Amino acid sequence: MTDSEKHGVVVLPLIPLRELVIFPFSVTPLYIMRAQSIAALETAMESDRRVFLVTQRTAQTDNPTQDDLYQTGTAAEVLQIIRLQDGSAKVLVEGHFIARIVDFITDETMLRAEIHPVTVFPDRGKRTQALLRTVVNQFERYVALNDRVPEEALTNIRTTDDPVHIAHTVANIASFNTEQKQDLLESVTLQEKLFKLSKLLDEEVEMLALENKIISQVKNSITRNQKEYFLNEQLKVIEKELGMSSEDDLEIEELQSQIDKLPLSDEVREKADKELGRLAKMQPYSPEATVARTYIEWLLEMPWGQSTEDKANINKAQKILDEDHYGLEKPKERILEFLAVHQLVEHMKSPILCFVGPPGVGKTSLARSVANALGRKFSRVSLGGVRDEAEIRGHRRTYIGSMPGKIIQMIKKAGAMNPVLLLDEIDKMSADFRGDPASALLEVLDPEQNSTFMDHYMEIEFDLSNVLFITTANTTAGIPLPLQDRMEIIRLPGYTEDEKRSIAGQFLIPKQTEIHGLTKRNFELENEALNLLITGYTREAGVRSLEREIASLCRKTARALVETGAKRRRKVKITTAKVREYLGPQKYRDMEISRQQGEVGVATGLAWTEVGGELLPTETMVMSGKGELMLTGKLGDVMQESAKAALSYIRTRYEQFNLEKDFYKTTDIHIHVPEGAIPKDGPSAGVTMTTSLVSALSQRPVRQDVAMTGEITLRGKVLKIGGLKEKVLAAHRAHIHRVIMPEENRDELEEISAEVRANMEFILVDHIDQVLEAALVSDKPAPKKNTTATRASKKTATARKKTSPRVRSTRTNN
């Protein structure tokens, strides 16, 4: 660069570069293709061979403008040019000095730029000398770690004492990215340039050291594997020469012997032989060998040809079922029917049973008793929370840690091809992106398809037609309809108080006394105390809470015996006073006394839940206002619609209830269902809400010894409801002996035990007027012309009094 150029402006042809930064003192080859760049090159060759090289901001731009280029570049001289046949050229350039673009000159053929040189003055200060020494040391280490940089690069550094020359040479050789190199090029002072260069070199050296460490570890691992392979091959040759068998050969022979002994089908035997052949050709410690070995072991450990013989004696089977469970006649009857048919038909498909009922009624334990009664092996699979289809059908062997599904696992665990397999909590499965396990169960629980069940891991057809599948659920709402269609649903309702007393005496008390080290000699639970436990400390459909309370009494008794030193010699009699002392105040109170008198606006409904039937008290208050209907108690959409339908019905019958025609405009109505934190919804609260509304508006009390259930239409018709058995049991547990129910549910009364029916009166209705007549306290007797009652003769009623329900059926002349 001449003295005039140092202080003046120079016009040079401009060549844009993609992802490349040219530094002074560097010789770099370039490949020129673009027409404008070729024209600029030719112009330079015709004059002083100098060009201005500047980097593009974005490499993808084909025809860059001033905005697409950095403002700082390098003026360079073309040392050599080779023109190619396609019009492009290969050139060798040497950088001379850094310059900034002052003005951008564009014509149709090429790019030109007015540039102003940027001088980086040498600095001999101590800080600069220290930075320079640091950069040189870092660069030496960089070259030592980087195989792509030749040793000659250090020669250029060591043969010059110009710090600017050293900085530009290091920046050109090092593998920095385009933005980092451009930043170094644009640095004005030497100290700034050296500082940035040192920071970048430090990062590169650290990265290269880490890369070399990883490469070394990989090489060592490969070398070790090759060494093991070589030694294993040598060992095989030596053992072969000595006539010895290796452990791997012995393992293959043992597996082959097991395959030959097992009664496998042709398909399974062919699959096992094929996998064993593949295993024999693999390296013993390779991952593929482990996968193949595990698969063969699964094949051989399945109970091929092993089945238990069903017990032929129906009486013995019934005795076992009765000994294990009290009541539950319907499921027991179904199992005995299966046994009877099995004796007549040698090869029959096992039924798919689904026990539906609230917690604690014995669904799971009943399935175990079924296995005992049939003399079959028993396995249980919990499906609660299962959301992956592979849990049912298994994982494909391409996945790491793959294994068969739970169905195959449980059959292997049972050790027989015809076990009783319990699929527990089938209503609590869910689905996500991994698949729908309920859909996978469609094949498992279909007697027409499960004889050819295909597990993804096993990859062979498996016959499940001899397996007796029993599923359990609290409700059918969570089971998809196609799956329900494949199962025979058997409902297990809650227990009555008498049934709970029998279960406690026959099963729970003996079980808990044995668990807690007590006997009949030192523990006795009086009948009155047991009644208090059932009515005062538990209120449930099943007996799970009752068992917990009995266990608590046993623990308290055991502690009392140990503290007094009596141990087994002293007898502790549990009275009602002891129950209150050990368990604290009663959790539930008998409300029978409070039901002797009626209450305005309060009606008792009946609801079905997953844990059995429940009482649903409904309160209504009326007050002066603007006709607002308020519904509280966390009611669902269906119950809110029932309340609106009830109000609409009352508005159409305002004269019948002695109300003003526009009462709804001047009265605010508030309907509330207590226990507001619990969501409530369902289609059977219509009659309860209507009764509560009519009572509050007409100020006629509601009989509190009556519970009711049923949905209504706008015309007052009472519709059929579900869950009648559970609802009646809930009323029976609460000592409510009169239930108003839809006429269409009459046939379902036969499903309720005779013991409960004998203590209940059922009022069958088909219109809301009949409900109001039976539920509201009337100041005057109702007209006879409105209803007709069908009653059995006194003689028949007396004969049936102890076994039949008191049923009153009414008809309305509307």
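This is a predicted model: local features need pLDDT of at least 70, side-chain atom pairs count only at pLDDT 80 or more; totals for chains, interfaces and linings use all residues.
A salt bridge here is a side-chain nitrogen of Lys or Arg within 4 Å of a carboxyl oxygen of Asp or Glu.

Glu 459 forms a salt bridge with Arg 397, and their closest N and O atoms are 2.9 Å apart. This pair links distant parts of the chain, 62 residues apart. Glu 459 sits in the loop between strand 10 (453-454) and strand 11. Arg 397 sits in the loop between helix 14 (390-393) and helix 15 (406-414). So both partners are in loops.

Which of the two is buried, and which partly exposed? Arg 397 is buried, with a relative accessible area of 17%. Buried means under 20%, so Arg 397 falls below the cut-off. Glu 459 is partly exposed, at 34%.

Salt bridges that share partners join Lys 271, Glu 275, Arg 278, Arg 397 and Glu 459 into one network.

Now look at one link in that network. Arg 278 bridges to Glu 275, with the closest N and O atoms 2.9 Å apart. Both residues lie in helix 9. They are three residues apart, about one turn of the helix. Glu 275 is buried, at 3% relative accessibility. Arg 278 is partly exposed, at 39%.

Next, a bridge between two helices. Asp 322 pairs with Lys 332, and here the closest N and O atoms are 3.0 Å apart. Asp 322 lies in helix 11 (residues 314-324) and Lys 332 in helix 12 (residues 329-344), so the pair ties together parts that are ten residues apart in sequence. Lys 332 is buried, with a relative accessible area of 6%. Asp 322 counts as partly exposed, at 35%.

How many salt bridges does a search of the whole structure find? The count is 28.

Back to helix 9, this time for the surface. There is a patch of negative charge there, gathering Asp 260, Asp 266, Glu 267, Glu 270, Asp 273 and Glu 461. Where does the largest share of the patch come from? Helix 9 (residues 266-281) supplies it, with four residues.

On to the cysteines. A search of the whole structure finds zero disulfides. Two cysteines to look at are Cys 354 and Cys 554. Cys 354 is buried, with a relative accessible area of 0%. Cys 554 is buried too, also at 0%.

Now for a covered helix. In helix 27 (residues 768-775), seven of the eight residues are buried. Among them are Ile 768, Val 771 and Leu 772. Asp 769 and Gln 770 are on the buried list as well.

Last, two backbone points. Arg 49 has a positive phi of about 65 degrees, although it is not a glycine. You will find Arg 49 in the loop between helix 2 (35-46) and strand 3 (50-55). Arg 49 is partly exposed, at 29% relative accessibility. Lys 634 also has a positive phi, about 60 degrees, and is not a glycine either. Lys 634 lies in the loop between strand 18 (629-632) and helix 22 (637-652).

That's the tour. Questions, please.

Methods
Residues are numbered from 1 along each chain as its sequence is written. Side-chain values use heavy atoms; hydrogens and water are left out. Patches are made of residues with over 30% relative accessible area and no salt bridge: like charges are joined within 9 Å, nonpolar side chains (Val, Leu, Ile, Met, Phe, Trp, Tyr) within 5 Å. Accessible areas come from the Shrake-Rupley method with a 1.4 Å probe; for residues, only the protein chains shown count as cover. Lys and Arg count as positive and Asp and Glu as negative; His and the chain ends are not counted. The place of a charge is taken as NZ of Lys, CZ of Arg, CG of Asp or CD of Glu. A disulfide is a pair of cysteine sulfur atoms within 2.5 Å. Buried means under 20% relative accessible area, exposed over 50%, partly exposed in between (1.4 Å probe, protein chains only).
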